[in-house]
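I opened my notebook to work through this one slowly. My plan is to pick a few spots, look each one up and write down what I find.

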Amino acid sequence: RDRIVSKHKYGEGYQNISAALKVPKNTVASIILKWKKFGTTKTLPRAGRPGQTEQSGEKGLGQGGD
């Protein structure tokens with residue numbers, strides 16, 4: 001992701017970046033749009049309630065324990 005953004009900063013087009021790094025043009029476009037909007041290429045937290053996980057021996061979701 002950082003290589004895509006750095007190539008974009010140097011003025012390369014989406015198609016040239018896509019060909020050089022062997023990733024789809026849509027991927028290049030979405031990474032650059034995300035970088036412009038949020039200023040980062042890191043994975044951002046998603047909206048919604050966090051998933052339930054196992055805690056100290058308790059059964060988590062999807063384990064149908066009786």
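**Ile4 and its neighbours**

I started with Ile4 and asked what it touches beyond the residues up to four places away in sequence. My list reads Ile17, Leu21, Val23, Val28, Ile31 and Ile32. Next I checked where Ile4 sits, and found it in helix H1, which covers residues 2-9. Is Ile4 buried or exposed? Its relative accessibility is 5%, so it counts as buried, the cut-off being under 20%.

**The whole chain**

Then I stepped back to see the overall layout. A reminder to myself: this is a predicted model. I noted three helices and zero strands in the protein. Reading from the N terminus, I get the order α-α-α. The protein has 66 residues, and 15% of them count as buried. For the accessible surface I wrote down about 5700 Å², with 49% of it belonging to carbon and sulfur atoms. I also looked up contacts with a separation of 6 or more: 35% of them join residues 24 or more positions apart.

**H2 against H3**

My next stop was a pair of helices. I reminded myself that two packed helices are described by the angle between their axes and the distance between the axes. Here the pair is H2, residues 14-21, and H3, residues 25-38. They pack at an angle of about 115 degrees, and their axes are 9 Å apart. The crossing of H2 and H3 is right-handed. Which residues make the contact? From H2 I listed Tyr14, Gln15, Ile17 and Ser18, and from H3 I listed Lys25, Val28, Ala29 and Ile32. Sorted by type, the contact of H2 with H3 has five nonpolar residues, two polar ones and one charged one.

**Two residues from that contact**

I picked Ser18 first, which has its place in helix H2. Its relative accessible area is 14%, so Ser18 is buried, given a cut-off of under 20%. Leaving aside neighbours within four places in sequence, I found Ser18 in contact with Val23, Pro24, Lys25 and Val28.

Ala29 came next, over in helix H3. I wrote it down as buried too, with a relative accessible area of 17%. I also looked up how far Ala29 is from Gly13: they are 16 residues apart in sequence, and 9.9 Å apart in space from C-alpha to C-alpha.

**The loop between H2 and H3**

What is the phi of Lys22? I got a positive value of about 55 degrees, although Lys22 is not a glycine. Lys22 has its place in the loop between H2 and H3. Its relative accessible area is 76%, and since exposed means over 50%, Lys22 is exposed.

**Looking for salt bridges**

Last entry: charges. Side chains of opposite charge can pair when their charged atoms come close. How many salt bridges does the structure hold? I counted one. The side chains of Glu12 and Lys7 meet in it, at 3.7 Å from N to O.

Conventions. Residues numbered from 1 in each chain as written. Predicted model: local features only at pLDDT ≥ 70, side-chain atom pairs only at ≥ 80, totals over all residues. Heavy atoms only, no water. Salt bridge = Lys/Arg side-chain N within 4 Å of Asp/Glu carboxyl O. Axes fitted to C-alpha atoms, helices over the stretch in contact; angles between N-to-C directions. Helix = DSSP H or I, 4+ residues; strand = E, 2+ residues; numbered from the N terminus. Left-handed = near helix turned anticlockwise from the far one by under 90°. Contact = heavy atoms within 4.5 Å. Nonpolar A, V, L, I, M, F, W, Y, C, P; charged D, E, K, R; others polar. Buried < 20%, exposed > 50% of the residue type's maximum accessible area, 1.4 Å probe, protein only. Areas by Shrake-Rupley, 256 points an atom, 1.4 Å probe, with all protein chains shown as cover.
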